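Let's take a walk through this structure together, one chain at a time. Have the sequence and the 3D view open as you read.

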Amino acid sequence: MTEDDDATLVRRCREGDRTAFEQLVVRYQKPVFNAALRLLRDPEDARDVAQTTFLKVYEHIGDYNPSFKFYSWIYRIAINESLNALGARKPCEGFNGEEADAAPGPERQLEGQQTGRAIEEALMRIKPELRTVIVLRHFMHLSYQDMGDILLLPEKTVKSRLYSARQLLRDRLLQGGVI
Amino acid sequence: MADSGRLALIHAEIDGELDGRQRAELARALLADPEIQVLREDLQRVCAALDVLEDVDPPQQLRQSVLDALPQSTPSRARSWWSAPRLRYAALIAGVLAVGTVLYETVESPRPATSDLAGTMAAAGAATTLDTVQLSSEVVSGRVSLYRDRAGLGLKFELVASAAVDVLVASEGRTVRVNGLGVRDAPGVPRTTVALPGFGRSGEAVEVTFLMAGREVGRATLRLPKDR
């Protein structure tokens with residue numbers, strides 16, 4: 001069976017077909033959840049953001065302009081919801097209250113796990129707007145153009161933010177002896 | 001301290017966006033300034049570490065909780081954005097301009113020189129194929145081959161895809177990204193070769209991830225012979 005493309009599913013969804021919407025949820029739940037998780041670093045908050053994102057998609061699918069890519073639209077909603085959730089946090093609540101342990105426990109003795117954790121922590125220490133471009137590029141593997149479409153920014157600004165974000169991450173990781 | 005132009009070249013290289021002229025410019029900068037080399041290696045390590053962080057599966061109940069929370073009413077009907085007269089005229093003008101551009105590109109535009117197309121692409125002449133992986137999914141099919149020639153390791157892609165495919169290549173902490181593969185612009189299977197400078201020094205495998213619209217649509221592992 002051939003998988004319906006996004007446009008077909010959106011059209012069916014607009015006609016009231018809930019199974020089409022369910023297919024969109026199945027298709028996009030992983031990237032939407034992961035984008036929120038990387039921005040918020042809290043699985044509960046990420047789940048809430050993912051749920052809100054899909055409900056907003058359902059509610060506003062009539063406003064979606066099919067001449068634009070559906071995934072740009074849904075990712076834009078997910079990013080905005082994540083940033084809203086970040087903004088609602090208390091100032092000191094940057095990331096779940098966890099710091100890197102001086103002595104890693106047995107469950108994270110693998111170098112790769114430690115590096116991953118250090119990177120996640122470094123990510124949480126850069127501004128949300130810079131973190132967002134890292135998430136879109138390195139975790140969602142989107143092009144500059146798609147990133148610009150999602151963030152409503154020119155490609156030049158997207159690149160500038162991405163370069164700044166990478167260099168800040170590099171500085172943080174060098175300071176921490178991770179790279 | 002590296003100037004912004006050189007920094008931009010390093011980032012563009014990481015993103016697979018360098019053309020042949022920029023690649024040569026970066027190579028000269030790397031030779032001339034060890035600080036640039038260090039910075040490039042640091043940034044490559046950062047990006048490689050970011051790229052290997054794995055996605056997390058969403059909670060199993062997410063889909064059901066979304067469906068349970070849906071209102072009983074049908075989603076809002078599409079608003080007829082097309083019906084606004086100004087939008088109709090704007091679209092008409094855009095269409096005329098687009099057709100004009102296509103006609104100009106087809107009839108008048110000079111063809112780019114081969115060197116302009118080089119970028120990350122490499123000639124695969126006199127190459128020895130080391131490993132090949134066949135791909136067959138609904139969205140991307142064909143094969144990818146790992147080869148070695150005088151310049152070093154490279155990948156040859158022979159792909160047909162339902163839309164442009166981006167490829168992330170990773171090995172030994174190095175990554176290369178190539179965008180827009182698999183699109184037919186002539187009869188036959190589109191072929192692209194990609195040089196992998198610096199790859200294959202100590203690693204035994206090259207991981208290739210295929211992405212479409214930001215979503216992973218395939219993955220292949222090509223192995224280097226152990227007795228090379």
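**A tour of two chains**

Chain B has six helices and eight strands, where helices (H or I, at least four residues) and strands (E, at least two) are DSSP runs, numbered from the N terminus. Starting from the N terminus, its elements run α-α-α-α-α-α-β-β-β-β-β-β-β-β. Before going further, a word on what you're looking at: this is a predicted model, in which local features need pLDDT of at least 70 and side-chain atom pairs count only at pLDDT 80 or more, while totals for chains, interfaces and linings use all residues. Residues are numbered from 1 along each chain as its sequence is written, and chains are lettered from A and ligands numbered from 1 in the order in which they are written.

Let's stay with the strands of chain B for a while. Four of them make an open sheet in the order β1-β2-β3-β6, with antiparallel pairing; two strands pair if DSSP finds at least two bridges between them. Who stands at the edges? In chain B that is β1 (128–136) and β6 (191–195), each with a single partner strand, so one side of each is left without a neighbour in the sheet. From one strand to the next, the twist averages 15°, using axes that are lines fitted to C-alpha atoms (for helices over the stretch in contact) and angles that run from 0 to 180 degrees between N-to-C directions.

Strand β3 of chain B, residues 152–161, is joined to β6(B) by five bridges, and the two run antiparallel. Here B:G154 sits opposite B:A195 in β6(B).

Now look at another pair in chain B. Strand β4 (residues 165–171) is linked to β5(B) by six bridges, again antiparallel, and B:V169 faces B:V176 across the pair. β4(B) and β5(B) form a hairpin with two residues between them, and B:E172 in the turn has a positive phi of about 55°. Strand β5 of chain B (residues 174–181) is mostly covered, with six of its eight residues buried. A residue is buried if 20 or more other C-beta atoms lie within 10 Å of its own, exposed if 12 or fewer, and partly exposed in between, with C-beta atoms placed from the backbone. Over the whole of chain B, 27% of the 228 residues count as buried.

Chain A has eight helices and zero strands. Of its 179 residues, 41% count as buried. Among chain A contacts with a separation of 6 or more, 64% are between residues 24 or more positions apart; a contact means that the C-beta atoms of two residues, placed from the backbone, lie within 7 Å. For chain B, the corresponding share is 56%.

A:D5 is partly exposed, with 13 other C-beta atoms within 10 Å. Its C-alpha atom is separated by 9.6 Å from that of A:L24, 19 residues apart along the chain.

Finally, where do the chains meet? The contact takes 47 residues from chain A and 39 residues from chain B. On the chain A side, α2(A) gives the largest share, nine residues. The residues on that side divide into 23 nonpolar, 13 polar and 11 charged. Here Ala, Val, Leu, Ile, Met, Phe, Trp, Tyr, Cys and Pro count as nonpolar, Asp, Glu, Lys and Arg as charged, and the others, Gly among them, as polar.
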